[in-house]
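Q: Please take a close look at one part of this structure, the place where its chains meet. Then set that part in context with a few individual residues.

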2 protein chains.
Amino acid sequence: MGSLPLDTLQPLDPDTFAVDSSAVVDFLAGYYRDVDKYPVPAADLEPGRLRKLLPDAAPEFGEPTERILDDVRHDVLPGLTHWQNPNFFAYFPMNASAAGFAGEMLSVGLNVVPFVWVASPAAAELEAVVVDWMARLVGLPDRFVFSGGGGGVLQGSTCEATHATFQKGARLVGIPPANFRVIPTTAASGYALTGGAVRAAVEDDVARGLVPLYLCATVGTTGVGAVDPVRELGEVACRHGMWLHVDAAYAGSAAICPEYQGYLDGAELADSVSMNPHKWFLTNMDCCCLWVASPAALTAALSTDPEYLKNVGDAAAAAAIDYKDWQISLSRRFRAMKLWFVLRRYGAAGMRAYIRRHVAMAEWFERAVNADERFEVVAQRRFSLVCFRLRRDDDMVNRELLAAVNASGRAFMTHFVVESKFVIRLAVGGAMTEMRHVRDAWELVQRTAEQLLLQRR
Amino acid sequence: MGSLPLDTLQPLDPDTFAVDSSAVVDFLAGYYRDVDKYPVPAADLEPGRLRKLLPDAAPEFGEPTERILDDVRHDVLPGLTHWQNPNFFAYFPMNASAAGFAGEMLSVGLNVVPFVWVASPAAAELEAVVVDWMARLVGLPDRFVFSGGGGGVLQGSTCEATHATFQKGARLVGIPPANFRVIPTTAASGYALTGGAVRAAVEDDVARGLVPLYLCATVGTTGVGAVDPVRELGEVACRHGMWLHVDAAYAGSAAICPEYQGYLDGAELADSVSMNPHKWFLTNMDCCCLWVASPAALTAALSTDPEYLKNVGDAAAAAAIDYKDWQISLSRRFRAMKLWFVLRRYGAAGMRAYIRRHVAMAEWFERAVNADERFEVVAQRRFSLVCFRLRRDDDMVNRELLAAVNASGRAFMTHFVVESKFVIRLAVGGAMTEMRHVRDAWELVQRTAEQLLLQRR
């Protein structure tokens with residue numbers, strides 16, 4: 001594992017590979033053992049800290065793996081926000097798991113590029129199989145599986161699947177910001193869109209001569225976990241010939257449990273559906289399932305056929321999937337291996353138990369908040385996200401509460417603003433998060449609030 | 001490593017993680033030991049083979065890692081195209097290495113998401129440091145490093161960096177295909193663009209009232225490895241206020257050697273430059289460096305600021321880099337760890353030796369082709385890509401030659417068409433490719449050609 005000779009550098013020598021990789025496995029196993037001891041997020045960091053620690057230029061000569069790992073330990077880890085810390089409740093979870101890691105290792109180690117079928121047939125085919133498996137698990141209609149005329153693809157993120165964050169995407173494809181509609185929601189609908197509001201907005205636009213194009217229904221919004229009524233929105237979309245996308249990035253994982261599949265009711269009216277196994281499905285970053293009812297609509301927009309990618313003497317391959325035409329980029333990773341490994345290793349029943357465990361923790365937290373009259377739950381909890389706040393007119397005390405909780409390094413939560421109210425978000429779903437971490441988080445919130453309220457008297 | 005209990009599934013239990021990961025390390029070390037024994041590409045594969053082998057649905061209960069690895073070995077590997085096989089000379093190389101793998105393992109294991117600085121400060125900062133290191137190594141002008149007012153970002157691919165394959169990107173952002181100029185090149189310029197041809201095309205468009213927008217100069221084209229004259233094109237771009245992008249996806253790696261930096265002469269006239277360490281720089285998929293002279297131009301187009309990503313009580317972070325605004329997607333991987341690991345482990349000197357070794361192999365192949373009067377080298381070789389063909393008027397014999405070579409499973413090459421001529425591409429650059437593999441490839445080409453020519457008499 002020492003320095004390597006220049007002239008005979010063997011970057012994939014199996015013995016060096018095994019020794020170096022084992023060192024990294026040990027490093028990571030140790031990291032997981034201690035990850036709850038790191039502050040999350042890293043407190044009091046000054047931008048530019050790492051640049052000061054590192055040299056200005058790459059080293060001229062190679063260094064031993066152990067020395068590099070030492071620098072990761074001393075220079076990098078203290079500056080990270082530890083997403084795998086069981087006390088990480090911010091944003092949405094970003095699951096790592098032994099199986100997700102194993103699948104990703106295989107994908108990275110094999111390092112094939114399944115852009116056209118012939119460039120790695122089994123990789124393209126495993127992808128087609130595994131997106132069908134997922135479509136079945138979350139209860140999607142037949143029109144989204146290959147045998148039903150639809151099909152799926154694994155992309156890197158929802159942004160990629162919907163061709164960039166919805167609003168950014170609209171800007172990129174040249175839709176004037178003025179033609180982009182953000183329809184306000186209220187507490188009455190649990191901060192979900194309503195068919196009526198969307199219909200009114202669309203009809204208003206049509207009356208002004210505009211052409212309605214694309215409607216996004218979100219099942220589990222990032223802000224408060226709201227669920228748009230897919231069927232109602234689908235009826236509006238159908239009437240006006242709009243493309244309906246169902247974004248179930250986070251909550252789609254819950255839909256492997258029958259009790260949550262109702263939220264996808266009406267999905268047969270959608271043109272596309274997406275969800276991210278890398279959030280709450282134990283599949284390390286990155287992995288997003290995108291299903292379309294009519295793959296031809298996708299490939300007609302995204303197909304390219306440069307000479308250097310044409311298959312030679314391979315008539316059969318014409319029937320095979322060239323996934324480059326299902327996405328913007330040409331290059332792509334063998335993500336199917338990872339999702340397949342997770343499904344095989346944990347099984348559908350294991351994944352359901354995993355999801356339900358997190359929901360139970362969030363239910364407990366919700367009950368705890370409701371039982372404390374100083375606090376309120378702001379939007380109805382449906383999955384594992386709880387939105388809450390101190391019952392105060394001024395936002396400042398809630399902002400201070402969140403800042404103080406995070407500054408402790410003992411939990412990390414984020415916020416959202418609904419109807420001008422500052423709301424604290426607790427998103428349960430870490431691979432190592434257990435009931436005791438959620439209990440600790442609540443005690444931390446209560447204790448911190450007490451101090452703040454005391455100071456304010 | 002056996003089946004896992006449902007109720008107490010511990011997806012990141014350190015001991016299970018270590019045991020399972022070690023099994024995958026052993027699996028991959030064995031794969032690298034035998035990878036030259038696999039046919040490359042897999043011959044006679046029928047589309048749909050894998051789907052027939054796999055069940056229709058995900059398993060209900062989890063399975064042991066060893067069983068899953070057995071299925072990878074028996075079901076998946078025979079259907080892959082083995083990009084790490086030393087006899088893979090197709091497309092461009094897609095380098096794996098022990099260091100690239102180690103860095104990727106760390107990134108995947110830590111599984112942090114550096115979209116905003118506060119979401120993982122050290123990850124964003126390592127990225128900024130490592131793109132500066134790379135800019136220095138390939139000799140980019142100061143305007144592309146952070147201290148010079150520019151800066152870099154790691155994206156997944158050139159397509160992402162130039163916002164989709166150039167032509168696809170134009171279509172996506174609403175530029176009519178009729179306004180997209182593909183300027184023909186000829187043997188006289190080595191199939192590179194010339195300042196004269198570009199100037200004439202631009203002036204012609206301007207005279208018709210069109211507004212020239214974006215010019216892409218390629219250093220090392222995919223087809224034949226041609227090098228566009230960056231300075232000449234830069235002068236045209238400057239005169240007309242066009243954005244000049246320099247795409248050095250493949251050949252940019254060679255620019256770490258001083259003898260190749262001349263190809264980037266004029267880069268100070270460019271607005272952006274990109275190169276892919278995942279091709280020929282031992283950095284496993286995916287990793288693309290994109291540098292811009294004016295980050296504000298990028299962030300003005302791509303910045304979004306939803307409430308749930310706003311930093312709370314963190315004034316200092318305003319000065320930190322939110323890399324989400326440097327790319328289309330919000331989510332992103334900690335790619336810097338991988339590139340940093342490669343640079344540390346192999347050093348600049350090691351990487352230069354690695355690049356030069358491949359170029360020497362390609363030079364040998366070029367000389368061998370030139371020494372055989374039945375063959376010709378079609379475009380001047382500049383890096384590690386050799387384009388050659390049988391000297392025949394009919395393309396068919398060259399098509400048959402390539403098909404027969406690939407059908408042998410003993411080498412994999414691809415093709416291109418220049419001036420209506422079918423050309424075979426041999427791209428040297430695999431991490432395990434040695435001189436003997438290139439010699440074997442040439443013998444295979446010669447022997448196959450002999451048989452074909454004999455049949456045609």
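A: I will begin with one residue away from that topic and work towards the interface. In this predicted model, Asp325(A) touches Leu298(A), Thr299(A), Leu302(A), Ser303(A) and Thr304(A), when residues up to four places away in sequence are not counted. Asp325(A) itself sits in the loop of chain A that runs between α11 (295-302) and α12 (336-371). Although it is a loop residue, Asp325(A) counts as buried because its relative accessible area is 9%, and the limit for buried is under 20%.

A second residue of chain A, Asn398(A), belongs to helix α13 (residues 395-407). Asn398(A) is buried, its relative accessible area being 0%. With residues up to four places away in sequence set aside, Asn398(A) touches Arg389(A), Leu390(A), Phe422(A) and Ile424(A).

Of the 457 residues of chain A, 63% count as buried. A compact globule with 457 residues would have a radius of gyration near 23 Å, and the 24 Å of chain A agrees with that. Taken along the principal axes, the box filled by the C-alpha atoms of chain A is roughly 70 × 55 × 45 Å. Among contacts in chain A with a separation of 6 or more, 75% come from residues 24 or more positions apart.

Now the part you asked about. Between chain B and chain A, 153 residues of chain B are in contact with 153 residues of chain A. The size of an interface is often given as the accessible area lost when the parts come together. Here the area buried between chain B and chain A is about 13500 Å². Carbon and sulfur atoms give 66% of that area.

Charged and polar pairs also cross between the chains. The count of salt bridges between chain B and chain A is 12. One salt bridge joins Arg345(A) to Asp20(B), with the closest N and O atoms 3.0 Å apart. Residue pairs in polar contact between chain B and chain A, with both residues at pLDDT 80 or more, number 59. On the side of chain B that touches chain A, helix α1 (residues 14-34) of chain B gives the largest share, 16 residues. By class, that side of chain B has 92 nonpolar, 31 polar and 30 charged residues.

Cys288(B) lies in strand β5 (residues 288-292) of chain B. Cys288(B) counts as buried, at 0% relative accessibility. Leaving aside neighbours within four places in sequence, Cys288(B) has contacts that include Val153(B), Leu154(B), Gln155(B), Gly156(B), Ser157(B), Thr158(B) and Ala161(B). Also in contact with Cys288(B) are Ser274(B), Met275(B), Asn276(B) and Pro277(B). Lys168(B) is 120 residues from Cys288(B) along the chain, and their C-alpha atoms are separated by 18 Å.

The other residue, Ala403(B), is found in helix α13 (residues 395-407) of chain B. Ala403(B) counts as partly exposed, at 29% relative accessibility. Ala403(B) and Met413(B) are 10 residues apart along the chain, with 9.1 Å between their C-alpha atoms.

Notes:
Residues are numbered from 1 along each chain as its sequence is written. Chains are lettered from A and ligands numbered from 1 in the order in which they are written. This is a predicted model: local features need pLDDT of at least 70, side-chain atom pairs count only at pLDDT 80 or more; totals for chains, interfaces and linings use all residues. Side-chain values use heavy atoms; hydrogens and water are left out. Contact means heavy atoms within 4.5 Å. Buried area is the accessible area (1.4 Å probe) that two parts lose on being put together, summed over both. A salt bridge is a side-chain nitrogen of Lys or Arg within 4 Å of a carboxyl oxygen of Asp or Glu. A polar contact is a pair of N or O atoms within 3.5 Å; within protein, one must be able to donate a hydrogen and the other to accept it, and residues adjacent in sequence count only if both atoms are side-chain atoms. Helices (H or I, at least four residues) and strands (E, at least two) are DSSP runs, numbered from the N terminus. Ala, Val, Leu, Ile, Met, Phe, Trp, Tyr, Cys and Pro count as nonpolar, Asp, Glu, Lys and Arg as charged, and the others, Gly among them, as polar. Buried means under 20% relative accessible area, exposed over 50%, partly exposed in between (1.4 Å probe, protein chains only). The radius of gyration is taken over C-alpha atoms; the globule rule is 2.2 Å times the number of residues to the power 0.38.
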